[in-house]
Structures are given as structure tokens and as C-alpha cells.
Amino acid sequence: MVTRRGFLQLAGFSAGMLALSRLRPLPAALAAELGGLTVLTPNDARILAAVAERMTYTGDPAMPRFSATGGLRTIDIALRQLPPEVPQQLSWGLWLFEYAPALFIGKPARFTG
């Protein structure tokens, strides 16, 4: 018997797998040849790195910090494979995330500040 919850879980999982199947990893040689970030602007990369650093920090000194990994490059490679409007929407979301603290604490502030 298929329950409503089971059906929704299966549908969500299937949608996630379909989305992941659209991503095509670049060969390592090509990624190294392309060098720096191509989709993320320096400002977007700065904000995204600060958000990711805050989200992934565990406090364990044995774990590498996000800034010590190739996380930004991996995100940039994934963004190259998505429709052009997705990086633009991400940029708007990062800008909103950067300046939203001013709305919540009532004084001029930025997330990276």
C-alpha cells in the first residue's frame, strides 16, 4: 500500500535525483586550466565564502575551514552548468543576505562586517 507520505518522499527524492543528473562535472584538467572563478563575482564570492564559513564551522581544530578548501571553485563550476538566470538569482540572494542584518537589528550593518 502506498501512503501519501511515502509517495511525497519518493517524488521529492526523484525530483532531487533529476536535478542532480543535469550537473556534469568538468574534467579536472579543464577546471585547472580555467583558473579562477568565472561565474561568481568577487563580491558574490566574498559573501558566499563568509556564509559558508559560518555554516560549516564546527569548532574542531582538526576540521579544515571552508576557506581552506576548494568549495568556492566547486560552487562556481556547478553554476556554469545551470541556466544563466540561476547565477543572477543567487547574486540577488547573496546581496539580500549581506544587507539584511540592517533590517533585523535596526542599525547599519552587513553580514560580512
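Student: In what order do the elements of the protein run from the N terminus on?

Tutor: From the N terminus on, the elements run α-α-α-α-α-α, which amounts to six helices and zero strands; helices (H or I, at least four residues) and strands (E, at least two) are DSSP runs, numbered from the N terminus. This is a predicted model, in which local features need pLDDT of at least 70 and side-chain atom pairs count only at pLDDT 80 or more, while totals for chains, interfaces and linings use all residues. Residues are numbered from 1 along each chain as its sequence is written, and side-chain values use heavy atoms, with hydrogens and water left out.

Student: Where in the protein is confidence lowest, and where is it highest?

Tutor: The general idea is that pLDDT is the predictor's confidence in each residue, from 0 to 100. Here the protein averages a pLDDT of 78, and 86% of the residues score at least 70. Confidence is lowest in helix α2 (residues 28-34), at a mean of 46, and highest in α5, at 87. Over residues 29-34 the pLDDT is below 50, and beyond near neighbours in sequence this stretch has three contacts in the model, where contact means heavy atoms within 4.5 Å.

Student: Which residues make up the largest nonpolar core?

Tutor: In soluble globular proteins, nonpolar side chains tend to be buried together. A nonpolar core is a set of buried Ala, Val, Leu, Ile, Met, Phe, Trp, Tyr and Cys residues joined through side-chain atoms within 4.5 Å; buried means under 20% relative accessible area, exposed over 50%, and partly exposed in between (1.4 Å probe, protein chains only). In this structure the largest such core has ten residues, namely Leu40, Ala45, Ile47, Leu48, Val51, Ala52, Phe66, Leu72, Leu79 and Leu94. Helices α3 (42-56) and α4 (71-80) each supply at least two residues of this core, and the largest share, five residues, comes from α3.

Student: What do the buried residues of α3 pack against?

Tutor: They pack against α4 and α5, and the buried residues in question are Asp44, Ala45, Ile47, Leu48, Val51, Ala52 and Glu53. Not counting residues up to four places away in sequence, Val51 touches Phe97 and Phe111.

Student: Is Leu79 buried or exposed?

Tutor: Leu79, which lies in helix α4, has 8% relative accessibility and therefore counts as buried. Leu79 and Val39 are 40 residues apart in sequence and 6.7 Å apart in space, C-alpha to C-alpha. Leaving aside residues up to four places away in sequence, Leu79 touches Val39, Leu40, Val86, Pro87 and Leu90.

Student: Why does Glu98 count as buried?

Tutor: Glu98, found in helix α5, counts as buried because its relative accessibility is 0%. When residues up to four places away in sequence are not counted, Glu98 touches Arg46, Ile47, Ala109, Arg110, Phe111 and Thr112.

Student: How many aromatic pairs does the structure hold?

Tutor: A pair of aromatic rings is described by the distance of the centres and the angle of the planes. Rings of Phe, Tyr and Trp (its six-membered ring) pair if their centres lie within 6.5 Å, and planes under 30 degrees apart count as stacked, over 60 as edge-to-face and the rest as tilted. The structure holds one aromatic pair: the rings of Trp95 and Tyr99 have their centres 5.3 Å apart and their planes at 50 degrees, so the pair is tilted. Because Trp95 and Tyr99 are four residues apart in helix α5 (residues 85-99), about one helical turn separates them.
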